[in-house]
Amino acid sequence: MDSFSLKTDEGTLSLKEIHDTIIAAANCIKEEGSGIVLNPPLIYSYGLSSLGSNTYVHIKLESEQLTGSFKIRGAFNKIKHMSKDEKQKGFVTSSSGNHGIACAYLMKSFGIPGTIYVPNNVSDAKKKVLEHMGANLVFHGNDCYESELKGRAESEKMEVPYMSPYNDLHVLGGNGTPGVEILRDLPSVDYVLVPVGGGGLISGIACYMKYAKPTAKIIGCQPKNSKVMYECVREGRIISDKEEETLSEATAGGIEENSVTYDICNQLVDDWILVEEEDIAKGIYFMMENHKKIVEGSAGMVIGAYMANAEKFKDSTVVIISCGCNITMDKIKQVIKMCEH
């Protein structure tokens, strides 16, 4: 990966420099994030392993974080890099739900004021959690991209920091820390399957893994109904793409112009899997039936991606990122109906 470089507002970064920021984030979380950011278990799945030939499948349960998703990692790391003055002023962020929940939890924990812009179609489960936390919510737009544009514009007007859910190197650094834990716990890993929306999670994991273990393959997973990053990579630039409703609403929406995550996905993601809605439902159902875990659509989407393509991973060790668990009872009922009809 010597040819990798990332242009940012601060200059051009090498893969080693980004890897080192992820290591620093992991150390910060370990030293200062106790009881806030967990190191969720990496569990072996007999059921998923049995679908492939000589395949050993593990699931990293980021869905077991206190806020119900991996997003608390990036938000925590970003807050730790804010100045005292910035924390007193507070910050603005935007979210389809999970990043907002993480920020609301940290605002409450550290006494930091802030405003969270969410799309009008935010899921009821995530909206309810945000309201219970007392979050200052502003509803805007029909997807996370529209709420991001509004949130960033308002932060500039208010002259306070804006925390992007993915287009930020400190957020990316925190979101890359599952890669540190995965490689430490399972050095034999050959493939890591990661859900992709704005690309913050896969970018962080890819930057860490491709420096620490270049032979490991990073597989991006997106629902066929909302595959914006895949289409951007295919086109060679950030574009908008037609979207339809998906069970994986946490990965839905467009990509911010000049996002650092696009360049990383373009250079470091080895392959892509596009997932049908039926397979997303099967992934959610599998986790309930086989592991007694409730996961949301974005996590079920990655499980479903593997289930529909198990033979592609024969003779290998696979890690699947179960990224979140914030799902409504209505969605769970819908999944059960789809899988038991």
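**Close-ups of a predicted model**

Five of the six residues in strand β4 are buried, so the rest of the structure largely encloses this strand. Buried here means under 20% relative accessible area, exposed means over 50%, and partly exposed is in between (1.4 Å probe, protein chains only). Keep in mind that this is a predicted model: local features need pLDDT of at least 70, side-chain atom pairs count only at pLDDT 80 or more, and totals for chains, interfaces and linings use all residues. Residues are numbered from 1 along each chain as its sequence is written, and side-chain values use heavy atoms, with hydrogens and water left out.

**View A. Strand β4 and its partners.** Strand β4 covers residues 56-61 and runs parallel to β12, with 6 bridges joining the two. Look for H58 opposite V319 in β12, and for L61 opposite S322, again in β12. With β3, strand β4 is antiparallel, and 3 bridges hold that pairing. There, L42 faces K60 of β4. Helices (H or I, at least four residues) and strands (E, at least two) are DSSP runs, numbered from the N terminus.

**View B. The open sheet.** Here 6 strands line up in the order β3-β4-β12-β9-β10-β11, with mixed pairing. Two strands pair if DSSP finds at least two bridges between them. At the edges sit β3 (42-44) and β11 (271-275), each pairing on one side only. On average, neighbouring strands of this sheet are turned by 25° against each other, direction ignored. Helix α11 (residues 228-235) lies across β10 (217-223) and β11, and runs at about 140° to β11. For these angles, axes are lines fitted to C-alpha atoms (for helices over the stretch in contact), and angles run from 0 to 180 degrees between N-to-C directions.

**View C. The aromatic cluster.** Ring pairs tie Y191, Y306 and F313 together into a cluster. Rings of Phe, Tyr and Trp (its six-membered ring) pair if their centres lie within 6.5 Å; planes under 30 degrees apart count as stacked, over 60 as edge-to-face, and the rest as tilted. The structure holds 5 aromatic pairs. One of them, Y191 with F313, is edge-to-face, at 4.9 Å centre to centre and 85° between the planes. This pair links distant parts of the chain, 122 residues apart: Y191 is in strand β9 (residues 191-195), and F313 is in the loop between α14 (297-307) and β12 (317-322). Y306 and F313 make a tilted pair, with 5.8 Å between centres and 35° between planes. Y191 is partly exposed at 22% relative accessibility, while F313 is buried at 3% and Y306 is buried at 0%.

**View D. The largest nonpolar core around L193.** A nonpolar core is a set of buried Ala, Val, Leu, Ile, Met, Phe, Trp, Tyr and Cys residues joined through side-chain atoms within 4.5 Å. The largest one has 76 residues, and L193, M209, I320 and I321 touch the most other members. Leaving out residues up to four places away in sequence, L193 touches I219, C221, V302, Y306, F313, V318, V319, I320 and I321, where contact means heavy atoms within 4.5 Å. Apart from this core lies another, of 26 residues, including I72, A75, I116 and L130.

**View E. Helix α10, largely enclosed.** Of the 13 residues of α10, 11 are buried, so the rest of the structure largely encloses this helix. Among the buried ones are L201, I202, I205, Y208 and M209.
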